[in-house]
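Welcome! Have a look at the sequence and the model below, and then we will walk through some of the details together.

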Amino acid sequence: MSGPSIRLRRWRGDAPEALLELLRRAVAETARSCYDGDQIDAWLSTLPDPARWRKRLADAEVIVAYTDSQLAGFVALRAPGLVDLLFVDPGRARQGIGRALVARALVRARACGWRRLACDASLLARPLFEAAGFRVLRQQRVTRGQCRLTNFRMALELPPIRS
Ligand SMILES: CC(C)(COP(=O)(O)OP(=O)(O)OC[C@H]1O[C@@H](n2cnc3c(N)ncnc32)[C@H](O)[C@@H]1OP(=O)(O)O)[C@@H](O)C(=O)NCCC(=O)NCCS
């Protein structure tokens, strides 16, 4: 069965609150399959307020994914080589949108001349990044509010593009 048609583009700075709301729902609904209720509540309690969120996005290169003209997910890249955010609408999970966003992130990272791309992958995102060639450097226990959550520092070396 073929998946949905996914349109990717650079985020233009419009409606940052829609991205934050998508993130909130992805944590509240999708991430619940891998983290317990206390950990999800703690994660949600540390989401930024709108002003901090706008600043975080302004400092990044954000790629948004649309299916059926609806925002379906986004990824944020931060120089000199970090995948800072990766979230997909829970109503559109497991349709290849995360994979498409990471593939585009790699293209952008190479175009920027970055030699290495790192990320802190959640339990859910780890297989996706592994499929894209990232390797686990270490398992981490990160503090979110009153809880500690497991994630993985991962990295991918990016050979320079031959001209
Ligand atoms: C992680 C996330 C971005 C994946 O987005 P997605 O569009 O559903 O992922 P894809 O459909 O492209 O899946 C790619 C691969 O990732 C893995 N994967 C994705 N969702 C998974 C799940 N719920 N359980 C197990 N593996 C999963 C699978 O290997 C999958 O390949 P497959 O479907 O061929 O088996 C999404 O689940 C999400 O927003 N999660 C909550 C927030 C989060 O953890 N963000 C990552 C922070 S680094």
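Predicted model: local features only at pLDDT ≥ 70, side-chain atom pairs only at ≥ 80, totals over all residues.

- Seven strands form an open sheet with mixed pairing, in the order β1-β2-β3-β4-β5-β7-β6.
- Which strands stand at the edges? They are β1 and β6 (residues 135-144), and each has a single partner strand, so one side of each is left without a neighbour in the sheet.
- From one strand to the next, the twist averages 25°.
- Strands β2 and β3 run antiparallel and are joined by seven bridges.
- To see how these two strands line up, find V62, whose bridge partner in β3 is A76.

**The helices**

- Helix α1 (residues 16-30) and helix α3 (residues 50-58) have axes that come within 10 Å and cross at roughly 100°.
- Where the two helices meet, α1 contributes P16, E17, L19 and L20, while α3 contributes P50, W53, R54 and L57.
- Sorted by class, this contact of α1 with α3 has six nonpolar residues, two charged residues and no polar ones.
- Helix α2 (residues 37-45) lies across β6 and β7 (residues 147-157), and α2 runs at about 70° to β7.

- A15 sits in the loop between β1 (residues 7-10) and α1. Its phi is positive, at about 45°, although A15 is not a glycine.
- Is A15 buried or exposed? A15 has 12 other C-beta atoms within 10 Å, so it is exposed.
- D68 belongs to the loop between β2 (residues 61-67) and β3. Here too phi is positive, at about 50°, and D68 is not a glycine.
- With 9 other C-beta atoms within 10 Å, D68 is exposed.
- In the loop between β3 (residues 70-78) and β4 (residues 82-88) you can find P80. The peptide bond that joins A79 and P80 is cis, with an omega of about 10°.

Terms used: Residues numbered from 1 in each chain as written. Axes fitted to C-alpha atoms, helices over the stretch in contact; angles between N-to-C directions. Helix = DSSP H or I, 4+ residues; strand = E, 2+ residues; numbered from the N terminus. Contact = placed C-beta atoms within 7 Å. Nonpolar A, V, L, I, M, F, W, Y, C, P; charged D, E, K, R; others polar. Buried ≥ 20, exposed ≤ 12 C-beta atoms within 10 Å, placed from the backbone. Pairing = 2+ DSSP bridges.
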